[in-house]
Amino acid sequence: MSEDSADRIVRFYREADEASRLGTGWFQLEHARTQEVILRYLPPAPGTIIDAGGGSGVYACWLAARGYQVHLIDPVPKHVERARAASCEQPDPPLASAEIGDARHLPHADHSADAVLFLGPLYHLVEREDRIACLREAYRVLRPGGLVWGVGISHFASLLDSLAHGFFDDPQFAPILDRDLEDGQHRNPTGNPLYFTDAFFHRPGELAREVQAAGFQILEVLPIEGPGWLARDFHRLWADPIQRERLLTAVRELEREPSVLGASSHIMAIGLKRS
Ligand SMILES: C[S@@+](CC[C@H](N)C(=O)[O-])C[C@H]1O[C@@H](n2cnc3c(N)ncnc32)[C@H](O)[C@@H]1O
């Protein structure tokens, strides 16, 4: 990854409120579904989990509270500080560690982890070779039988987001969208934080191929939000327990329908390091 890209990502997150994101709007669906899919495969505690790109520690602290030894790394100093603060607020048990770092160079020993989470690095690393390097690091640190959860952003996310949320006709967004659809390389020269920062948006299938290229056996590739993030009246639906459950059930059922994988904002691949 070019230094420019890394710098822009750090600058973006310095301004963004990543710590509260998962508690707002459709990100609540992302949060609930990510937890659900992590728990589907995670072996029972205790075990060691590396959350690389763990941000401010929402998932890492949740997993530590469930009895796992969780190590978080993230390149954004503000995120690591927040993760440490959140860890201090749940001292029993806290995170095992929270350090500044890069998913391409995990500071962990070979065969030392049961699970690795990449809920961020695989879309922020814009070059394929960097994403593969990061996945190979997961392979190195995992014990045989260990698992990686890798999240990508859909190639079609900008198109769907702009249509559903009213900025398709913003002339500043048009060239961003054109490039996203052309080669998946998302760049935002506008300074508008709504339009995110440097990222690569995977086509359905591409993410799984990268996970396989690093040596993993693919267990599952699935939508995190399905089309639920595009709901016209998300707040109302999510606030109603019956509608919320209907939405979650519908998304779960779409896990078996690969033709709509690209309609999800996030796609998750789960890979196994064979024994
Ligand atoms: C949208 S946030 C997601 C945070 C958290 N994992 C979550 O799912 O809520 C993306 C995260 O990826 C991190 N990131 C970006 N490039 C990275 C890299 N090369 N290595 C590790 N983390 C990276 C960012 O700093 C940020 O915290």
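View 1. Helices (H or I, at least four residues) and strands (E, at least two) are DSSP runs, numbered from the N terminus. This is a predicted model, in which local features need pLDDT of at least 70, side-chain atom pairs count only at pLDDT 80 or more, and totals for chains, interfaces and linings use all residues. Residues are numbered from 1 along each chain as its sequence is written. The C-alpha trace spans about 50 × 45 × 35 Å along its principal axes.

**View 2. The shell around the ligand.** Here 20 residues surround the ligand, the closest being Gly53, Gly55, Ala103, Leu119 and Gly120; a residue is near if its C-beta atom, placed from the backbone, lies within 6 Å. Helix H1 (3-15) and helix H6 (121-124) each give at least two residues to this shell.

**View 3. Helix H7, residues 128-141.** Its 14 residues reach 20 Å from first C-alpha to last, close to the 20 Å expected at 1.5 Å a residue (1.5 Å times one less than the number of residues). Have a look at Asp130, Arg131, Cys134, Leu135, Glu137, Ala138 and Val141, which are buried (20 or more other C-beta atoms within 10 Å of a residue's own, with C-beta atoms placed from the backbone). Down the axis of H7 these buried residues fall within an arc of 145°, so they line one face of the helix; the arc is that of the directions from the helix axis to the C-beta atoms.

**View 4. What covers the buried residues of H7.** The cover includes strands S1 (48-52), S4 (113-118) and S5 (142-154), along with helices H6 and H10 (206-213). Contact means C-beta atoms, placed from the backbone, within 7 Å.

Note on methods
A residue is buried if 20 or more other C-beta atoms lie within 10 Å of its own, exposed if 12 or fewer, and partly exposed in between; C-beta atoms are placed from the backbone. Two residues are in contact if their C-beta atoms, placed from the backbone, lie within 7 Å.
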